[in-house]
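Here is a short briefing on one structure. Keep the sequence and the 3D view open while reading.

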Amino acid sequence: MTDPQRTPPAPPIFAVRAAKRAAWAVGGEKILEALVYLCGFSAIVFVLGIFIFVFKEALPVLTRENFSLAEFLGSSDWYPTSESNKRYGVFAMIAGTVAVTVLAMVIAVPFGLGAAIYLSEFCGQKTRETLKIVIEFLAAVPSVVWGFIGLTVMSRLIVQFTGAQVGVNVLNGGLILALMSVPIIVSISEDALKAVPDSYREAAIALGVTRWQLVWRVLLPAAKQGLLAAVLLGVGRGVGETMAVLMATGHAVHIPHSVLDSVRTLTANIAAELGEAPAGSDHYRVLFLTGVLLFTLTFGVNLIADTIVRGIRRK
Amino acid sequence: MVTMAATANHIEVRDLRLSYGMKEVIHGISFDVRQHEILGVIGPAQSGKSSLLRCLNRTIDFTPDTHVSGTIEVDGEDVRKTGNVYALRRKIGMVAPLPVGLPLSIYDNVAFAPRCAGLNRKSDLDTIVEQCLRQAALWDEVKDRLDSLGTKLSGGQQQRLTIARALSHEPEILCLDEFSIAIDPVTTMRIEDVLKELRRHMTIVLVTNLTQQARRLADRTMFMWKGEIVELDTTDVIFSEKPKDQRTRDYVEGIFG
């Protein structure tokens, strides 16, 4: 009987033992190492640089006697251009930012996770490819276009269906922001789910579980870090987005009592007013202080996320 | 449909063919597995042993571009036409060659299948978990840390965890695909003893690269080579001086493969 596995092995030639690598290849690796090192640490330089710049512009206003930090954070009176009594309270805008972001996440997170689960576990290869292209296209729509849709299409629909007096409000901003966050949440969650080894799927399936049991009991727990990262990137987008919410929320300084109230967000306020505020004026510096506040907010969100992820990892 | 009383066959395979894409890897094989026997399946790599098991519990469905023809009947029911593939898979315990601890605690790994089947009473689960871990010869090593992650166990322990898990849904058929690949010889012998005991309650299909393991355990042994059955006979005959096919003799003697 013939057996291909039993052909006699070739004698060793020992070419590798005698081989030497070229000097440029050895030296090149050192240079590359230094370069990637530099790239890695440049992130710290940029973050610090931005923080220092924004903070430096904002700092002088903190020492002004007619300015108090408590009023800045706690008051809703925003009259930066008043002749007699300038007041800088951003509480209403904090409330506006939080309201729009929370509403957006309430819509976008279930929607995005649902879409990701469908894409990664339930749909066929062809459907997945098509849907992923469409979703990536959705992610590529510029935010000003979203704002435009909010201002014209969405606003009219909201007036028509809810009977609100103005269509640009928390609901409008939240919906637009949700639509903008969903593609990000979908693609990152789908990556997280796809990163769960197939061996887990096969092991669980062999135990006779249904697809949903597989999703609930194995895939979601195994992918929770990636899913959390997806949600937080969505939140980050919500807090940081400017142009679309500027156009869709009505830009009224007002603590919202319902989703049909117009609001102004911190970001929209900076974008709208920085151009008019004379450089170096209190108004200008307060806007930079708002920047510091935003910075702190997103930093806080990231820190919380990091703590949660670490907690999960330790378990 | 054949009733269980009329036949002693637990599994009947008829003219099973399997292709991955254009490449046929199982070329129309037919054989039976009898009730409460241990069927040893031996043969070199690429002979279609693992693929055969994956056809049996239909996990082959998850590999894209596969084509299966012929029939596999378990208790007289064609697995490819069954209305409840989940019940079929629960009926078949499967132990894969490379251990896959699910990213859950040791307890939850074993309680996973019972829970998914709808069993939720804590006392019942406790009993099952302990019994299965004992059967897999793992209980003594993990009984004090049932809450720690199953994936943190050593390779050999994880393999025994997968055996415990395969037993957890009380299968009627247990399929082991080279279970001893990551386990030391002493533990392997302990599990082999367990298999001898389990045989009274279930049918066992033992795919193994260790021909001596088949010799020790199997009632009948099937020698597969390149997607075909070379010979299927009682273990005594396969390992005797005179199996029907010379290739069988060569393989079990270690002359090729």
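Strand 7 (residues 173-177) and strand 8 (residues 203-207) of chain B run parallel and are joined by 5 bridges. The model is predicted.

**Sheet in chain B**
- B:Asp177 faces B:Val207 of strand 8 of chain B.
- The open sheet of chain B has 6 strands, ordered 6-7-8-3-9-10, with mixed pairing.
- Strand 6 (92-95) and strand 10 (228-234) of chain B each have a single partner strand, so one side of each lacks a neighbour in the sheet.
- From one strand to the next, the twist averages 15 degrees.

**Nonpolar cores**
- The largest nonpolar core holds 125 residues.
- Those touching the most other members are A:Ile176, A:Ile185, B:Ala136, B:Ala164, B:Cys175, B:Val205 and B:Leu206.
- Helix 7 (residues 170-194) of chain A gives the most to this core, at 15 residues.
- Leaving out residues up to four places away in sequence, B:Cys175 touches B:Leu53, B:Leu56, B:Ile92, B:Gly93, B:Met94, B:Val95 and B:Val205.
- A second, separate core has 15 residues, including A:Val90, A:Leu287, A:Leu289 and A:Leu294.

**Contact between chains A and B**
- Chain A puts 20 residues in contact with 21 residues of chain B.
- On the chain A side, helix 8 (198-206) and helix 9 (211-222) are the elements that give two or more residues.
- Helix 8 of chain A gives the most to that side, with 7 residues.
- By class, the chain A side has 11 nonpolar, 5 polar and 4 charged residues.

Definitions and conventions. Residues are numbered from 1 along each chain as its sequence is written. Chains are lettered from A and ligands numbered from 1 in the order in which they are written. This is a predicted model: local features need pLDDT of at least 70, side-chain atom pairs count only at pLDDT 80 or more; totals for chains, interfaces and linings use all residues. Two residues are in contact if their C-beta atoms, placed from the backbone, lie within 7 Å. Helices (H or I, at least four residues) and strands (E, at least two) are DSSP runs, numbered from the N terminus. Ala, Val, Leu, Ile, Met, Phe, Trp, Tyr, Cys and Pro count as nonpolar, Asp, Glu, Lys and Arg as charged, and the others, Gly among them, as polar. Two strands pair if DSSP finds at least two bridges between them. Axes are lines fitted to C-alpha atoms, for helices over the stretch in contact, and angles run from 0 to 180 degrees between N-to-C directions. A nonpolar core is a set of buried Ala, Val, Leu, Ile, Met, Phe, Trp, Tyr and Cys residues joined through C-beta atoms within 7 Å. A residue is buried if 20 or more other C-beta atoms lie within 10 Å of its own, exposed if 12 or fewer, and partly exposed in between; C-beta atoms are placed from the backbone.
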